Amino acid sequence: MEVGNTTTVRVRFAPSPSGYLHVGGARTALFNWLFARRAGGRFILRIEDTDQQRSTGESVAAILEDLAWLGLDWDEGPGADGGHGPYFQSQRSEFYRRYAGLLGDAGLLYPCYCTPEELEARRAGTGGEGKFQGYDGRCRELTPADRVRLEAEGRTSALRLRVPTSGKTVVDDGIRGRVEFANEIMGDFVVVRADGSPTYNFAVVADDIEMGISHVIRGEDHLSNTPRQFLIYEALGRAKPFFAHIPLILGPDRTRLSKRHGATSVGQYREAGFVQEAVANYLSLLGWSYDDRRELFTVPELVQAFSLERVSRNPAVFDPGKLEWFNGHYLRELPLEILEERLDPLMKRRGLTIPAGPDGREWYHRVLNLLRPRVHNLEELAADSAYFFPAEVPLDPAGLEKVIRKEGVAARLTAARERLAGVEPFNQEEIEEAIRGLAAELNLKAGDLIHPLRMAVTGKTVSPGLFEVLALVGRELTLDRIDRAACVAG
RNA sequence: GGCCCCAUGGUCUAGUGGUUAGGACGCCGCCCUCUCAAGGCGGUAGCACGGGUUCGAGUCCCGUUGGGGCUACCA
C-alpha cells in the first residue's frame, strides 16, 4: 500500500474537548505522532470545539496536559503557531465560509428548508423496513419561486451538498484496503447548518485542506463518514490525503471503550501512579505489533519501529491488567533518578522527607530498589515506603492478631530488641547473624522471630527481606517500634 | 432496517498455501525463600461454522453466524 510522500508528512490529532483524553484518543494521537516522527514530518494538534455546548476550556487544558505527559509534543497547535492556525475550529469560521462559498459558486449546494422535526417525521413515515434513512431530496429541485415562498414563511435554510445519485465512492484505506460505498445511500447531507456553522464532515475537510494534512490516521468509527468527506474533496476539486482507519479500542463487553467500563482517561491512570513509559508502550500495542516476540519499547524505540503496515484490522479489548504489568515493569527498570523525580510529589503529599545529603539519597535509592519489584504503581511505592521513615506505622489488624497477640511473642520481641541493641554495625549481615543466632539459642525457628519483628517494625505481614528492611529503617526506629509492639504482644 | 468493518487461546497478538500454530498478559505448578513480590523453569488454553479452490488451507473465494461501527442541521 502506497503510504504517500514521506518528505511532506503532515498529520493531525483532532480531539473534541468535551471530556478528558480518552485512551482511545491517546492511542490515535500516539499513532499519528509516531508516524510523523518516523517520517520526519509534522504533528499538528487541532481542537474541534465547534460544539459549544460540550466544549470546555478545562477540557482543552486537560487534553494538552495529558498529551504532553505522554511525550506527544505537537509542532503546530495551541501554543505552537505553524502558520496554519488558528488551531481551534471555533476560530476558523472564515475558512468554512470561504469553502462553502466555493461549493456554492460551483452550484453544488442548495438550500434546504425542511425543519429537523419534519425530517424526522418523514423518516419515521417511510416505515423503516429496509428503506433509505437519509435525506429524501425534497428541497433539491426547488424553484426560485418556491424558495421565496418558503422564506416568506419565515423558514431558515441549511445548505446541502448535491450528492451524485448513482455511481460509487471508493476509499482506498491504508489499513482496510479498497472500500466501496454506493453514492445513493448517502443522500444530500448538510454541509452548513441553518445557523451558518459547518457540520463536522465539512469542517474536517476544509481544515485538513487548509492545514495541508497529508495523512489522516483516525479511528475506524470514521470510516463510514469517509465517503462523505471524499465527496466534499471532489466537489472542491482538491486532492485527498492518504487515509488510514485504525481499529477501535473496546471494553470487556466488546463495545467501544467508554466511561462505564471504568478508568478510561489517561489522566486517571496518571493520577493512579502509572508512568508514561508504561501507558505509551501498552497503547502502542493496541492494534499494532512489531513481530512475534518483542513487546517492550521505549518511546524513541517506537519511533523507529512503528509503521502503518503493521497496524491490525481487528478491534482490541483494553486490558487494564496488562497495562498494570507494563507499569510494574517500568517501575522496576526506570533509572532511579527518574523514578525519584516522578515520586517526588507523592512523597511530599505524604509528608515523607528524604534525608539530606548524598548518604540520604543513597539510603533512599536502596529503599526504592527494595520496594519497586513489589509494586505496580507509584502510589503503592510511595505508600509502602512510609515505614522506612520516622512515621507512625499502624499495625495491620489481621497481622496483629495472627502474629503479635500470640503466646510468647512479647518475650521474643524483648529478647530480639536486646540483641539488636548491641548489633554493630547495624547492617543487614550483622542483623541477620544476630537474629538467626538468637533463634538458635532460644530453640526457635528463624521465622518465629522474623514474623513478629516484621509486624512490629513495618506494621505489615509482608515486606521485603526483614534484615534489609531493619538495616534501612535504622536501629533507633527499629527499637522504638519493637518496644511499642511488645506492649500489645501476647 | 440499510451500509461498512472485523473474526487465531479469557485478553493483546505473530502468522501472508506445507509450522509440533510462536510470543505477551492472566491463570496453575515448581525453584528461590523469613512473608510478599520480582526472577527462573514448566504447564493450561486458540485458528467461529459450512461450502468451495488446491496435491495441500489459520492463510485464497463464497456463504452463515457472531461482534462492532456508521446511518443527525453531534464530533
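Let's start in the middle: the largest nonpolar core here has 111 residues, and Phe318, Leu343, Phe388 and Leu420 have the most contacts inside it. A nonpolar core is a set of buried Ala, Val, Leu, Ile, Met, Phe, Trp, Tyr and Cys residues joined through side-chain atoms within 4.5 Å. Buried means under 20% relative accessible area, with exposed over 50% and partly exposed in between (1.4 Å probe, protein chains only). Helix α1 (residues 23-39) gives the most to this core, with 9 residues; helices (H or I, at least four residues) and strands (E, at least two) are DSSP runs, numbered from the N terminus.

Before going on, a word about what you're looking at: this is a predicted model, where local features need pLDDT of at least 70 and side-chain atom pairs count only at pLDDT 80 or more, while totals for chains, interfaces and linings use all residues. Residues are numbered from 1 along each chain as its sequence is written, chains are lettered from A and ligands numbered from 1 in the order in which they are written, and side-chain values use heavy atoms, leaving out hydrogens and water.

Now zoom in on phenylalanine 318.

Threonine 264 sits in the loop between β10 (249-250) and α8 (266-271). Is this threonine buried or exposed? Threonine 264 is buried, with a relative accessible area of 3%. Not counting residues up to four places away in sequence, threonine 264 touches Leu21, His22, Val23, Leu257, Ser258, Lys259 and Tyr269.

The axes of α12 (residues 336-349) and α13 (residues 357-371) come within 11 Å and cross at roughly 90°; axes are lines fitted to C-alpha atoms, for helices over the stretch in contact, and angles run from 0 to 180 degrees between N-to-C directions. That makes α12 roughly perpendicular to α13 (65 to 115 degrees, with under 35 roughly parallel, over 145 roughly antiparallel and the rest oblique). Among the residues making the contact are Leu343 and Met347 of α12 and Tyr364 and Leu368 of α13.

Finally, helix α7 (residues 226-236) is mostly covered, with 8 of its 11 residues buried. Phe230, Ile232 and Tyr233 are among the buried ones. Just after α7, glycine 237 takes a positive phi of about 70°.

Definitions and conventions. Contact means heavy atoms within 4.5 Å.
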